[in-house]
Amino acid sequence: MGKLVLYGVDASPPVRAVKLTLAALQLPYEYTVVNILNKEQYSEAYLKKNPQHTVPLLEDGEALIWDSHAIIAYLVGKYGKDDSLYPKDLLKRAVVDQRLHFEGGVVFANALRSITKYVLFLGKTEVPKERIEAITEAYDFVECFLKDNKYIAGDQLTIADFSLISSISSLVAYIPIEATKYPKLSAWIKRLEQLPYYAENAKGAGEFAAVIKSKKFTIVD
Ligand SMILES: N[C@@H](CCC(=O)N[C@@H](CS)C(=O)NCC(=O)O)C(=O)O
């Protein structure tokens, strides 16, 4: 096994999805902080490794892999003792893949990143209402996915849970999740909070929330 190096920062949801996967697989790794608030992802050395300048980035010996979804699927395939976190059964895998794409496109890109770009990176004090609606729409979908399921892709824990909890636990900095409105979603969050290695996600989500709460903004039509 080559040395695993994870590049990232704890406030970043996709970095935390990778950390949860590494912890679930009990894999040792080195963690190199790339502070995107200080634009460290644009250093020449980092751009050489990841021209898309995103975190997380995983180095496995000579190999460089980015995008959390690609990384977590790779880690289970390469180092998992079994396939339970990312089933080889094609139909089960298709459900996990759907949830992973949903996280990347709908929850992270459409809900979390677009509002965070306004508030944090563009320093706007007025956020259009549709940015908030994108968050509640994401919650509605997740509630629906959990209708008959204990975990996000069925009756067992998978990497889709790690991916989605990383961004959902960050979205609550904008819109808290009410147990009465979202009973399944609330129970799922509580279930994941019981994981023995969950604390690191909680810590990073707390750091994300602290940065967002330090910004003043109002919602406008
Ligand atoms: N879909 C990607 C998203 C990665 C991403 O956008 N990460 C953000 C931090 S949460 C980032 O690196 N932003 C800095 C940049 O794009 O320059 C993944 O899951 O890894």
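**Group meeting: a walk through the model**

Okay, so UniProt, in an unreviewed entry, lists residues 89-217 as "domain: GST C-terminal"; such annotations may be inferred rather than shown by experiment. This is a predicted model, where local features need pLDDT of at least 70, side-chain atom pairs count only at pLDDT 80 or more, and totals for chains, interfaces and linings use all residues. Residues are numbered from 1 along each chain as its sequence is written, and side-chain values use heavy atoms, leaving out hydrogens and water.

Residues 89-217 come out as 68% helix and 2% strand, with helices (H or I, at least four residues) and strands (E, at least two) being DSSP runs. The end C-alpha atoms of that span are 46 Å apart.

The other annotation, also from an unreviewed UniProt entry, is "domain: GST N-terminal", residues 2-83. That span is 37% helix and 21% strand, and its end C-alpha atoms lie 21 Å apart.

Most residues other than glycine have a negative phi, and most peptide bonds are trans. Here, V55 and P56 are joined by a cis peptide bond, omega about 5 degrees, and P56 sits in the loop between α2 (44-49) and β3 (57-60).

K39 isn't a glycine, yet its phi is positive, about 60 degrees. You'll find K39 in the loop between β2 (30-33) and α2.

D67 is another non-glycine with a positive phi, about 80 degrees, in the loop between β4 (63-66) and α3 (68-79).

So, how accessible are K39 and D67? K39 is exposed at 56% relative accessibility, while D67 is partly exposed at 38%; buried means under 20% relative accessible area, exposed over 50%, partly exposed in between (1.4 Å probe, protein chains only).
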